[in-house]
Amino acid sequence: MLFSLPVVLVAITAHARHARARRSAEQPAIVQLAPRLPSSDLALSGGARWLRMPSLEEPGAAFADGPALPDPDPAGGAMAPPREVWAAETRRTK
Amino acid sequence: MLAYALGALARRRAKAVALTGGLALAVALVAAVLFLADALRGEAERARSAIPDVVVQRLVAGRPATLKLGDARTLSGIPSVARVEPRVWGYLFLPSLQGNVTVVGVREGAAALSVAPNGALSAGRDLARGAHEMVAGTTLARALGLRVGDGLQLPSASPSPLLTLAGTFDSSVELYAADVVLCDEADARAVLGMASDDATDVALTVTNPAEARVVSRTVLDRLPGTRVVEKELLGRVYALAYGRRAGLVLAASIPALLALLILAWDRASGLGPDEKREIAILKATGWSTKDVLSAKMLEALLVGAAGTALGLALAYGWVFLAGAPGLRPALVGWSVLYPEAPLTPMVDFAQLVGVALSVLAPFVGLSIVPAWRAAGTDPMEAMRG
């Protein structure tokens, strides 16, 4: 029981590393296609045009498709973004 | 000491199994959300390196509007901008799918797509210029019942050509292109109903990416009222988007997390009469308080380690082997064209140790308190009950 934790940690780390190496081998395909796409945003919300390319579209109107529509992606989650992202941005804008 | 701790757990098997199971489920839920959010951020970051450094959009009344090709020419003389590319793309609602597809016009001179393993196509070939062809995501082609060589008339307000499916995207790029239709720029204009001098946005390639901020300021000077999106800032967008969704899912799972706290409280709030008697017997047979505490700590460590290990293994299997059923739609959004590509784990050893320690440390710490209290009482009094 005591050794189950280190065994699981090492097994997950090894499997994740292997999966990342396998994905890295597919990077040429991604690099080939990405310049043709509007953005690197993932195609996870194709049914909602305000969410398909969240980095590019409708910055001020997250739910502009109809009045009183439920906000599918409301702001203010319980988890903050990584601190280093804000830190880097602060340094850049100084 | 270890033999005693294992024996004690075996004597109270039901309680040990309940604690391990409860801990495992709570850890699995939290860890699965973290694993999934990290994997999504990683996928978005993977393609970010290959997109243009700066994208310029026009905003009219706070909404994106098309730019004119003349606007692109205005930007062509900016120092350190190697390439200015007006792009034609947009969304098209397909009634047969009840969903939007992303139609992207490919300019003349764009690098050709090749077939996997090193290319982005799984079947067919890239577009032939002027042949009214398209390349589509596998998910989209399947949803429309299209095979390479089939033709499709996309619904459009203006007359648009019949597009022949020349190729489909490989699963390696499915996460970015599941709903994408690539076609010639002229065909995209016809399908989207855009005038010949309109562009959806303008992409700039900067020779020195460190100068992107300076280029952005110059763009705003030359084209006031535009919105400039820098590639570097997209990292923040992804961190925000997936971090926020992970936060929401975690907030929704507060009841499960409360169960973990209740379990921990069960450890802290006191020992049962059997356990108290057992500690008293140990003290009466010569065990010191330190020995009793060590034994109890070892007991908690065994349960905590097993529960955490089981939880992490469950979370990993749930997200990366089973595809996160139940959790994926909550975290990544909804779509009629859902990419089925598996996600790649971004978790590393340090993160795993962090999660494990943040569970184990309070769990073991809380288990010491009642044992300390019981070990401090008179053994005779405790044995009498």
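Here are some questions and answers about a predicted model with chains A and B.

Me: What pattern does chain A follow, read along the sequence?
Reply: Let's start with what chain A is built from: four helices and zero strands. Reading along the sequence, you get the pattern α-α-α-α.

Me: Among contacts in chain A between residues at least 6 apart in sequence, what percentage join residues at least 24 apart?
Reply: Chain A has 94 residues, and 40% of them are buried. Now take the contacts between residues at least 6 apart in sequence, and ask how many of those join residues at least 24 apart. For chain A that share is 0%.

Me: How much area do chain B and chain A bury between them?
Reply: The size of an interface is often given as the accessible area lost when the parts come together. Here the contact takes 63 residues from chain A and 91 residues from chain B. Of the area buried between the two chains, 64% is on carbon and sulfur atoms, and the total is about 7,000 Å².

Me: Which residue of chain A forms a salt bridge with B:Asp126?
Reply: Across the interface of chain B and chain A, the rule finds two salt bridges. In the one with B:Asp126, the closest N and O atoms are 2.7 Å apart, and the partner is A:Arg36.

Me: Which helix gives the largest share of the side of chain B that touches chain A?
Reply: Between the two chains there are 15 residue pairs in polar contact. On the side of chain B that touches chain A, the largest share is 17 residues, and they come from helix α8 (residues 231-252) of chain B.

Me: Is B:Thr200 buried or exposed?
Reply: You'll find B:Thr200 in the loop between β12 (198-199) and β13 (201-206) of chain B. Its relative accessible area is 17%, and the cut-off for buried is under 20%. So B:Thr200 counts as buried.

Me: Which residue's backbone oxygen does the side chain of B:Thr200 reach?
Reply: Leaving aside neighbours within four places in sequence, B:Thr200 is in contact with residues including B:Ala65, B:Leu67, B:Trp89 and B:Met194. The side chain of B:Thr200 reaches a backbone oxygen at 2.6 Å, and that oxygen belongs to B:Trp89.

Methods: Residues are numbered from 1 along each chain as its sequence is written. Chains are lettered from A and ligands numbered from 1 in the order in which they are written. This is a predicted model: local features need pLDDT of at least 70, side-chain atom pairs count only at pLDDT 80 or more; totals for chains, interfaces and linings use all residues. Side-chain values use heavy atoms; hydrogens and water are left out. Contact means heavy atoms within 4.5 Å. Buried area is the accessible area (1.4 Å probe) that two parts lose on being put together, summed over both. A salt bridge is a side-chain nitrogen of Lys or Arg within 4 Å of a carboxyl oxygen of Asp or Glu. A polar contact is a pair of N or O atoms within 3.5 Å; within protein, one must be able to donate a hydrogen and the other to accept it, and residues adjacent in sequence count only if both atoms are side-chain atoms. Helices (H or I, at least four residues) and strands (E, at least two) are DSSP runs, numbered from the N terminus. Buried means under 20% relative accessible area, exposed over 50%, partly exposed in between (1.4 Å probe, protein chains only).
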